[in-house]
Amino acid sequence: MRAVPTWIDKVHDLHFLPSIYDLAFKPDGSQLIVAAGNRVLVYDTSDGTLIQPLKGHKDTVYCVAYAKDGLWSPEQKSVSKHKVNSKITCCGWTNDGQYLALGMMNGVVSIRNKNGEEKVKIERPGGSSSPIWSIAWNPSKDEHNDILAVADWGQKLSFYQLSGKQIGKDRTLTYDPCCVSYFSKGEYIVMGGSDKQASLYTKDGVRLGTIGEQSSWVWTCRVKPDSNYVVLGCQDGTIAFFQLIFSTVHGLYKDRYAYRDSMTDVIVQHLITEQKVRIKCRELVKKIAIYRNRLAIQLPEKILIYELYSDDSSDMHYRIKEKICRKFECNLLVVCSQHIILCQEKRLQCLSFTSIKEKEWLMESLIRYIKVIGGPPGREGLLVGLKNGAILKIFVDNPFAITLLKQSTSVRCLDMSTSRSKLAVVDEHNTCLVYDIHTKELLFQEPNANSVAWNTQCEDMLCFSGSGYLNIKASNFPVHQQKLQGFVVGYNGSKIFCLHVYSMSAVEVPQSAPMYQYLERRMFKEAYQIACLGVTDSDWRDLATEALEGLDFDTSKKAFIRVRDLRYLELINSIEERKKRGESDTELFLADVYAYQGKFHEAARLYKRTGLDSRALSMYTDLRMFEYAKEFVGAADPKNTRMLMSKQADWAKNSKEPRAAAQMYLTAGEHLKAIDIIGEHGWVDMLIDIARKLDKAEREPLAKCAAYFQKLKHHGYASETYSKMGDLQALVHLHVEARHWDEAFALVEKHAQFKDDVYVPYAQWLAENDRFEEAQKAFHKAGRQSEAVKVLEQLTHNAVVESRFNDAAYYYWMLSMQCLDIARENEERKEEMLKKFKRFQHLAELYHVYHSIQRYTDEPFSSHMPETLFNISRYLLHNLTKDVPLGISKVNTLYALAKQSRTLGAFKLARHAYEKLQELHVPSRFQESMDLGSLTVRSKPYHDNEDLIPMCYRCSTNNPLLNSQGSVCINCKQPFIYSASSYEVLPLVQFYLDKGIGDEEAVSLIDLEVPCIDRKAARWQEMSKSQSLKLDDGTEDTEEDPFMAKLSFEQGGSDFVPVVVSRSVLRSMSRRDVLIKRWPKPLHWEYYRSLLPDVSITMCPSCFQMFHSEDYELLVLQHNCCPYCRRPIDEPN
């Protein structure tokens, strides 16, 4: 800090020199008000001119102030007065005007509010022997609390908060202070007194230096608002106006910058990471030096040496390594790893950290610049510039300085390149000169420079600043300029470190300009080095492209890696592979490069020159540049022209112009591709046109046409195309796929070899559509009986699994009839098929019956009468003595029987059913009902309703409701014949023909019918083309009926004795009483005689099931078919 006098004036009076007791600045700083004796003087602060004296005071003026906002508040009518117990020497309002501090002669500071009430009383230790002579509030707006500076004549400076709490300790002074004044922002204090000078202090009271020595006491001092100007008023009438100049104290090494802050602190800033660390020294910092991990700070009485905690490049934690407790006077300070270098005018001294002087160099001229340029610890090199233009290199361990070169002008700034082969100098005429250190040759010079720095990462680059511009120079290329205020102090990669006023900043500068300068001279490797310092992506791409065109593949590859361009990297890799294989035609490589860059015509010319016309042609066609391709080919080769046409068609297809593509393919003779496009787009008219024009020998395109017709459901065109080809098998498949069975059958009639191809799919289609009889015929025609059976078996199994027992019964009946057909046609499998026939017939009947049981147990309502369910349950249980078929539940059957038996009064049977249920696993839904039923049935009589007991119509024996022998009479063993609807026992007895009587003869004998006078006429009815027997209420005389005699004669015994009739018995029978099951071969017909002619019975002519006529008629009306075999009522017999 230096105090430069701006102006001085001495006030004279007629008889004496008046003391200057107080000063005040106008708020804008343009005028100064001076209290001089009994006068008030007004000065112009810019040059010290006395503007005017203000007279009128009779006595000495002790205090002056400039009005800011008036003396009184508007509502206050008069000045309020308050008594104090000691003389007031000084006073001051807080920044917000709420509190007033009073300094008193008795050493007390009283802080009062606006009403004059004392809020805080501060008693100083010296009491009345230390009167308070000056106080001042810190005007800073950054402080959280109001801070009061107190100076007393006990020679102490103290600081207090508004609450009265002292901040820090008392600062001891060496004089009696007469005045205290803060700078506008509160960062410094100016104080004057009995030591006849004003001193500058920090806001914490640390003395920084003298402002101006005077010949008498300094009674008052003031700081000009918002500036570095200070004015003093002395006892002898002197008014001195000084400007304070705060010099920049700083040091820089690579990316670390250390500078002084608030005169007593050092801030170290990392220019890359922007980290900062503050080191508080609490004394005036005079010099700073920084080098690698060392930091040297010179204070008034000592030098502190700091080091970093670690070797980490980003570490910012410093600790004290050494203290050199000596006072040094020096112009420049430099620190090395183990030494400090002091520079005082012409002398350089090297001291160890223990304050031992190791070396001293005396220069021939004043030292203007010094810099550490690195080296091993303890042997670092220094670069020194002298006023006489000499530039020297000094090594710390060498007592002799080495002169690098000498120029005629004084040195202002120096820097050496990274390889130490070039030296840049800025001289007193602001010229930047660059020398070759080895040859001492001046390489070039540039004007308007105030500082210079070499790039630490690139040997050939430097920058210099001056006249508001930053200049970057690469090699010996022209300078690249951009605007920049301040001084360049470092250059690292793409960052330039610039000092502007007091702040250091790292400016990111793209290195594009120097890179392009190298590119213009095709110096690709050097351009790459520059680019590595920092350029934009587009610059990297330009470098990569230029290097590629210059066939510098290594540089180009590295540049393309930077921009992650895989396409070009693949090209470079392929070229490198080809070079390894021995290819060396640079023109061909360049042609590939041009093709990749989109310079297709240049590429084509180079391809032609290297004799690779085909590659050029391929390039044009791939790019859909067909016109250029045609120009390139000319009228040379028709094969190439066709190839071009085909490729153009490919392009048209891909670019969503299919019709054009199809026409082009046809022109190029590529029918298959054309047909594909036309077929995919469904242009049937174009497709049939092609099919008709094609020769029948061209089978592949014709087949493709036909396939597309088939796909587009144009079977007529497909048929025409297959006919043209003569492909009968494909034609058959077409008709089958389209379900055009008539056309298919017509073809089969002419060409029997396709029988399987038609009838098998036809039969499968019929089976899928539930047309089993037709399917069966179709399978027969195709000779695939076993397949027919398999289809039906699968359908039957599915129906059972899905609990569709009605369908299952129907399918089993169909299966049985199918087996019968096979047995008739295939003698070898006759026995097997007849067994299957009987099993399937039995299963059909069981499932038909169980359907009703299942509906009763699973559905909430039943359409059957209790008697019907009762009969059905009994019938089922009689037939479930051995194996229970899949899906049929014995539990459901017994449960239904138990419920219906109870309803109908068969309590004994009901109890038996419940007992049987106890032995079985019963579903939870039946359990409660079953338990209740089995309990309540015990309250009923233990016998069955006699009306329910069945009677054998052959021997008139009453049979039990549940018969262990099954559905046969317990006496005569005659099988019962049941109605297929109500399952009541029908009054029918089966009889057999005597040996030698054939079916036709038997029917003719029955038809003869011997007339009988006593027999009432019976009525025969044809109903729905079914055999129906309707008889009047008359009964035949058994004695006259030979058949009845036969029944009674042949019954009895443990074995069943069938009824066998002779011709005479047949002749005696009435046709109206006989029902015949006319089974097809190889089965025999079955004959039944009705014993109660008044009971009307109907037999289905298809399945031969017997029904009560009324039941049958009702069921046929409901279903429009037989309820058992589903034969439609209008189907001919």
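Two strands pair if DSSP finds at least two bridges between them. I count strands (E, at least two residues) and helices (H or I, at least four residues) as DSSP runs, numbered from the N terminus.

**Entry 1. Ground rules**

I am working on a predicted model, where local features need pLDDT of at least 70, side-chain atom pairs count only at pLDDT 80 or more, and totals for chains, interfaces and linings use all residues. Residues are numbered from 1 along each chain as its sequence is written, and side-chain values use heavy atoms, with hydrogens and water left out.

**Entry 2. The sheet of β2 to β5**

I looked up an open sheet of four strands. Its order is β2-β3-β4-β5, and the pairing is antiparallel. β2 (20-25) and β5 (50-54) are the edge strands, each pairing on one side only. I took the angles between axes, which are lines fitted to C-alpha atoms (for helices over the stretch in contact); angles run from 0 to 180 degrees between N-to-C directions. With direction ignored, neighbouring strands here are turned by 20° against each other on average.

Then I checked one pair. β2 and β3 (residues 31-36) run antiparallel and are joined by five bridges. Leu23 has Val34 of β3 as its bridge partner.

**Entry 3. Whole protein**

I noted 30 helices and 55 strands. Of the 1133 residues, 49% count as buried. Buried means under 20% relative accessible area, exposed over 50%, and partly exposed in between (1.4 Å probe, protein chains only). The protein exposes about 56100 Å², and carbon and sulfur atoms supply 48% of that area. The areas come from the Shrake-Rupley method with a 1.4 Å probe; for residues, only the protein chains shown count as cover.

I also looked at contacts (heavy atoms within 4.5 Å). Among contacts with a separation of 6 or more, 45% come from residues 24 or more positions apart.

**Entry 4. Helix α2**

Which residues of α2 (524-533) are buried? I find Phe524, Ala527, Tyr528, Ile530, Ala531 and Leu533. These buried residues pack against β42 (461-466), α1 (512-520), α3 (537-549) and α4 (553-562).

I followed α1 further. The axes of α1 and α2 come within 8 Å and cross at roughly 170°. That makes α1 roughly antiparallel to α2. The cut-offs: under 35 degrees is roughly parallel, over 145 roughly antiparallel, 65 to 115 roughly perpendicular, and the rest oblique. On the α1 side, Pro514, Met515, Tyr518 and Leu519 make the contact; on the α2 side, Phe524, Glu526, Ala527, Ile530 and Ala531 do. By class, I get eight nonpolar, no polar and one charged residues. Here Ala, Val, Leu, Ile, Met, Phe, Trp, Tyr, Cys and Pro count as nonpolar, Asp, Glu, Lys and Arg as charged, and the others, Gly among them, as polar.

Just after α2, Gly534 has a positive phi of about 140°.

**Entry 5. Tyr469**

I found Tyr469 in strand β43 (residues 469-474). Its relative accessible area is 32%, so Tyr469 is partly exposed. Leaving out residues up to four places away in sequence, Tyr469 touches Phe464, Gln481, Gln482, Lys483 and Leu484. Tyr469 and Gln481 are twelve residues apart in sequence, and their C-alpha atoms are 6.5 Å apart.

β12 (residues 156-161) and β13 (residues 166-172) run antiparallel, joined by four bridges. Leu157 has Arg171 of β13 as its bridge partner. Four residues lie between the strands of this hairpin, where Gly164 takes a positive phi near 100°.

Next I took the open sheet of three strands, β45-β46-β47, with antiparallel pairing. Its edge strands are β45 (487-492) and β47 (503-508), each pairing on one side only. On average, its neighbouring strands are turned by 25° against each other, direction ignored. β46 (residues 495-500) pairs with β47 over six bridges. Ile496 has Val507 of β47 as its bridge partner.

**Entry 6. Backbone exceptions**

Most residues other than glycine have a negative phi, and most peptide bonds are trans.

- Arg420 has a positive phi of about 60°. The residue sits in the loop between β37 (411-416) and β38 (422-427) and is partly exposed, at 31% relative accessible area.
- Arg1126 has a positive phi near 60°. I place Arg1126 in the segment after α30 (1109-1119).
- The peptide bond from Lys1081 to Pro1082 is cis, with omega near 0°. Pro1082 belongs to the loop between β52 (1074-1077) and β53 (1086-1090).
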